[in-house]
Amino acid sequence: VDPRTPRKSSSSRSSRKSFRLDYRLEGVNILTDPIFSQRASFLQFMGPKRYRGPPCTVEQLPRIDAVLISHSHYDHLDAGSVASLNARFGGELRWFVPLGLMDWLAKMGCENVMELDWWEENCVPGHDNVTFVCTPSQHWSKRTAWDDNRSLWSSWSVLGPNHRFFFAGDTGYCPSFQEIGRRFGPFDLAAIPIGAYLPRDVMKGQHVDPEEAVQIHQDLQAKQSVAVHWGTFALAYEVGSALPLYSVNTI
Ligand SMILES: [Zn+2]
């Protein structure tokens, strides 16, 4: 599992060492909740703006075989990014989405969509040795005024013959991570969110804090973890505060 190293960016904030969005596992190139737009909103000109620029453009990406989508929130499922990726890769790219998001992607013109319930699995054509499992998380979903929790949220476990990758999506802490660790661990690499966790009483059910992220790392029996979903969009109170490096060190 190779979290790709970043390209140099013109923005000083994004020149800090950070991981790119794409992972390579057993020859399969994977993107997780890709956002190449500047704003997380149903309008591309207003709404939460990115704190940092995207690490690269869709044109700069290598061939992408699979995109993992964790849930429908605007800061994870971005219409502009889906359209750009679909324009570049078309049906060669397989979209893995949790239950209830197939129609949305089909309306966006995506032809190769695999919609899965928790614990269901599938693979990318031509790479039968790498299994993509839709695994649980603790979150919620909403894109419009009338679709609260109408589509599922999930984490994703990607299991190759030699390497295993876990993407937590957006999640509060829950016992499911122990079960995922029992069934599929140890993972070589886990991408675990540490953003939008304050104020704690409001966010605890839906976003882990750095300590809980470390607990997930241990539950998964992950050999290495990367902290994601931090300092991208100003969605909660801790953005702009110091990087919680102690948790990274703990991991
Ligand atoms: Zn969310």
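Biologist: Is His 71 buried or exposed?

Modeller: Buried means under 20% relative accessible area. His 71 has a relative accessible area of 1%, so it counts as buried. His 73 is buried too.

Biologist: Which atoms coordinate the zinc ion?

Modeller: Look for N, O and S donors within 2.8 Å of the metal. Here they are His 71 (NE2), His 73 (ND1), His 139 (NE2) and Asp 170 (OD), at 2.1 to 2.4 Å. Along the chain, the donors follow the spacing H-x1-H-x65-H-x30-D.

Biologist: Why is the arrangement around the zinc ion called irregular?

Modeller: Check the angles: four donors count as tetrahedral if all angles lie between 85 and 135 degrees. The four donor atoms here subtend angles of 88 to 168°, which makes the arrangement irregular.

Biologist: What else does His 71 touch, beyond four places in sequence?

Modeller: Its contacts include His 139 and Asp 170, along with Trp 140, Leu 152 and Trp 153. As for polar contacts, the His 71 side chain makes one with the side chain of Ser 70 (2.8 Å) and another with that of His 73 (3.0 Å).

Biologist: Where does pLDDT stay under 50?

Modeller: Where pLDDT is low, the predicted coordinates should not be read in detail. The protein's mean is 82, with 76% of residues at 70 or more. Still, pLDDT stays under 50 over residues 5-20 and over residues 233-251.

Note on methods: Residues numbered from 1 in each chain as written. Predicted model: local features only at pLDDT ≥ 70, side-chain atom pairs only at ≥ 80, totals over all residues. Heavy atoms only, no water. Donors = N, O, S within 2.8 Å, 3.2 Å for Na, K, Ca; no water. Tetrahedral: all angles 85-135°; square planar, octahedral: opposite > 155°, others 65-115°. Buried < 20%, exposed > 50% of the residue type's maximum accessible area, 1.4 Å probe, protein only. pLDDT = per-residue confidence, 0-100. Contact = heavy atoms within 4.5 Å. Polar contact = N/O pair within 3.5 Å; in protein donor to acceptor, adjacent residues only side chain to side chain.
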